[in-house]
Amino acid sequence: MNDLFLIKYAPEILRHSLEHLFLVGVAIIIAIFLGIPLGILITRKTSLRQPILAIANILQTIPSLALFGLLIPVPIIGGIGTVPAIVALTLYSLLPIIRNTYAGITGVDPAIREAGRGMGMTDRELLLQVEIPLATAVILAGVRVAVVITIGVATIAAAIGAGGLGVFIFRGIAVVNNQLILAGAIPAALMALAADLMIGWIEKKLTIKN
């Protein structure tokens with residue numbers, strides 16, 4: 001095997017890496033804007049906790065390739081290409097974000113919560129000024145898990161024409177070429193590792209601060 005195969009495919013790796021980052025970035029942003037409010041909601045409406053977590057759990061257990069395939073015939077959000085890939089990745093990202101948001105807020109010391117109420121804080125003020133700041137590190141840990149999972153699952157997006165590093169992997173499997181497979185797998189692994197380290201560093205800083 002040529003040890004310089006990554007250099008050989010460098011221009012393509014860069015292009016598909018940018019596609020990969022775009023898919024993951026958009027999906028994570030959408031998942032954060034959906035997941036955190038849902039996590040907050042189930043701390044206030046306990047009757048919704050089981051249904052929302054159950055749906056998120058079910059989405060997480062569907063095999064990734066199957067989920068991409070199931071979205072193909074769906075109008076508007078389905079089909080082939082970037083949109084259904086982002087939808088699928090968003091759905092996969094929701095569970096850790098919802099679960100950690102719920103765990104972070106409910107894990108706030110009840111004495112602190114009561115002290116806030118004693119100072120005349122409304123529920124909104126308590127949430128924004130006390131609970132969310134104290135739960136930020138836990139919420140960020142959920143985002144960290146979601147990002148790492150999504151980077152891996154995003155390689156499947158190539159199967160529905162959304163691009164990304166999975167293009168190399170599927171091409172390599174088709175022609176039984178390990179160099180092509182590694183050209184997709186190694187950058188994806190490095191991307192996941194870099195994201196994990198970066199978010200972990202931010203999480204650590206916030207934990208120390210709090």
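Helix 4 (residues 64-71) has Leu67, Phe68 and Leu71 as its buried residues. Here buried means under 20% relative accessible area, exposed over 50%, and partly exposed in between, computed with a 1.4 Å probe on protein chains only. Helices are DSSP runs of H or I of at least four residues, numbered from the N terminus. Seen down the axis of helix 4, the buried residues fall within an arc of 100 degrees, so they line one face of the helix; the arc is that of the directions from the helix axis to the C-beta atoms. Leu65 and Leu70 are exposed on the other side of helix 4. The buried residues of helix 4 pack against helix 5 (82-106) and helix 7 (123-153), where contact means heavy atoms within 4.5 Å.

This is a predicted model, in which local features need pLDDT of at least 70 and side-chain atom pairs count only at pLDDT 80 or more, while totals for chains, interfaces and linings use all residues. Residues are numbered from 1 along each chain as its sequence is written, and side-chain values use heavy atoms, with hydrogens and water left out.

The structure holds eight salt bridges, a salt bridge being a side-chain nitrogen of Lys or Arg within 4 Å of a carboxyl oxygen of Asp or Glu. Side chains of opposite charge can pair when their charged atoms come close.

In helix 2 (residues 10-44), Glu19 and Arg15 are four residues apart, about one turn of the helix, and their side chains meet in a salt bridge at 3.9 Å, N to O. Glu19 counts as partly exposed because its relative accessibility is 26%, and Arg15 does so at 44%. Helix 6 (residues 110-118) holds Glu114 and Arg117, three residues apart, about one turn of the helix. Their side chains form a salt bridge at 3.0 Å, N to O. Arg117 is partly exposed, with a relative accessible area of 41%. An α-helix has 3.6 residues a turn, so residues three or four places apart point the same way.

Another pair joins two helices. Glu203 forms a salt bridge with Arg144, with the closest N and O atoms 3.3 Å apart. Glu203 lies in helix 9 (residues 178-209) and Arg144 in helix 7, so the pair ties together parts that are 59 residues apart in sequence. Glu203 counts as buried at 17% relative accessibility, whereas Arg144 is partly exposed at 24%.

Finally, a network of salt bridges links Arg44, Arg113, Asp123 and Glu131.
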